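My notes are below, in the order I looked things up.

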Amino acid sequence: HACKSVGDTLRVVYERGTIRTDFVLCFGDTVANFPLRSLVAAHRTRVKKEGSVMTIVGRRVSPGTRRARYGEAEVQIALDNVTSQLLALADDDNDDGVATLRVNREWFEGRFVVKCRSDVQETQIYICSPEVLSLFQDNFDWEHLRKDFVQGMLIEGAELGKNLHVTLLEDLQPVPDTPAVPKPPTHYYACRAHNLRAYAAMARDVMKRYACE
């Protein structure tokens, strides 16, 4: 198949029926050192309790540094303070370095606290339920994960009872020493080298052992 986007690829995977359980979606230029098993287990719990179809893995960065350090648009997100359900995501559509998040009264229906954050960077690693594949199949014009899938689910997901959640690497519990992993990382790291700036930033992190220890 001549796949030209993530959406095309996931629709081919759906048609072939090769994935029937939860799966991890990421890109080949990603460097990471965190335990996937605990993230998948947490996602499966959310699926049962909160109707989650995707967990977006993120990490904290200094606000305003995404474009300068990683060549990415600035992003603001709104999260449920208790469940970490993603309620809204706004990025720098105008390429002016400013992401504008508009507060919606519906966010506060059934919840008291909503966090609006500008210090979260997507690692572009996603823990997905099999429903993600069928959703792409049903929406043949979805091509991109954030622009199409995430924004589409934020608009239509509540009506379907399907939600998105965010997990930050800094909130993961450390892994104890085991024979298989005698010296686990002291902190978790993930970055994608999808452009020259991001590659340079990741290379510096690796050379400083920030991505290894």
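This is a predicted model: local features need pLDDT of at least 70, side-chain atom pairs count only at pLDDT 80 or more; totals for chains, interfaces and linings use all residues.

**Entry 1: Arg 11**

I started with Arg 11, which lies in helix H1, residues 6-16. Is Arg 11 buried or exposed? I get a relative accessible area of 9%, and the cut-off for buried is under 20%, so Arg 11 counts as buried.

Next I looked up what surrounds Arg 11. Leaving aside neighbours within four places in sequence, Arg 11 is in contact with Phe 136, Gln 137, Asn 139, Phe 140, Trp 142 and Glu 143. Leu 133 turned up too: its C-alpha is 6.5 Å from that of Arg 11, although the two residues are 122 apart in sequence. For a polar partner I found Asp 8, whose side chain joins that of Arg 11 through a polar contact of 3.2 Å.

**Entry 2: the rings**

Two of the contacts of Arg 11 are Phe 136 and Trp 142, and I followed them up. I count three aromatic pairs in the model. Phe 136 and Trp 142 make one that is edge-to-face, with 5.9 Å from centre to centre and 85° between the planes. Phe 136 also pairs with Phe 149; here the centres are 5.3 Å apart and the planes are at 10°, so I noted this pair as stacked.

I put Phe 136, Trp 142 and Phe 149 down as one aromatic cluster. Then I checked burial: Phe 136 is buried at 0% relative accessible area, Trp 142 is buried at 7%, and Phe 149 is buried at 0%.

A side note on another ring: the charged end of Arg 192 sits over the ring of Phe 27, 3.7 Å from its centre.

**Entry 3: helix H4**

Which residues of H4 are buried? I found Val 132, Leu 133, Leu 135 and Phe 136. They span an arc of only 160° around the axis, which means that they lie on the same side of H4.

In soluble globular proteins, nonpolar side chains tend to be buried together. With that in mind I looked for nonpolar cores. The largest has 27 residues, and those with the most contacts inside it are Met 54, Leu 86, Phe 149 and Leu 164. Another core, of ten residues, lies apart from it; Ile 127, Leu 172, Tyr 188 and Ala 190 are among its members.

Not counting residues up to four places away in sequence, Leu 86 touches residues including Ile 56, Ile 77, Val 150, Leu 154 and Leu 164.

**Entry 4: Arg 111**

Arg 111 is buried, with a relative accessible area of 17%. Its side chain makes a polar contact of 2.6 Å with the side chain of Asp 80, and also reaches the backbone oxygen of Trp 107 at 2.6 Å. Beyond four places in sequence, I have Arg 111 in contact with Asp 80, Gln 85, Leu 87 and Glu 106.

Technical notes: Residues are numbered from 1 along each chain as its sequence is written. Side-chain values use heavy atoms; hydrogens and water are left out. Helices (H or I, at least four residues) and strands (E, at least two) are DSSP runs, numbered from the N terminus. Buried means under 20% relative accessible area, exposed over 50%, partly exposed in between (1.4 Å probe, protein chains only). Contact means heavy atoms within 4.5 Å. A polar contact is a pair of N or O atoms within 3.5 Å; within protein, one must be able to donate a hydrogen and the other to accept it, and residues adjacent in sequence count only if both atoms are side-chain atoms. A nonpolar core is a set of buried Ala, Val, Leu, Ile, Met, Phe, Trp, Tyr and Cys residues joined through side-chain atoms within 4.5 Å. Rings of Phe, Tyr and Trp (its six-membered ring) pair if their centres lie within 6.5 Å; planes under 30 degrees apart count as stacked, over 60 as edge-to-face and the rest as tilted. A charge sits over a ring if NZ of Lys or CZ of Arg is within 6 Å of the ring centre and within 35 degrees of the ring normal. The arc is that of the directions from the helix axis to the C-beta atoms.
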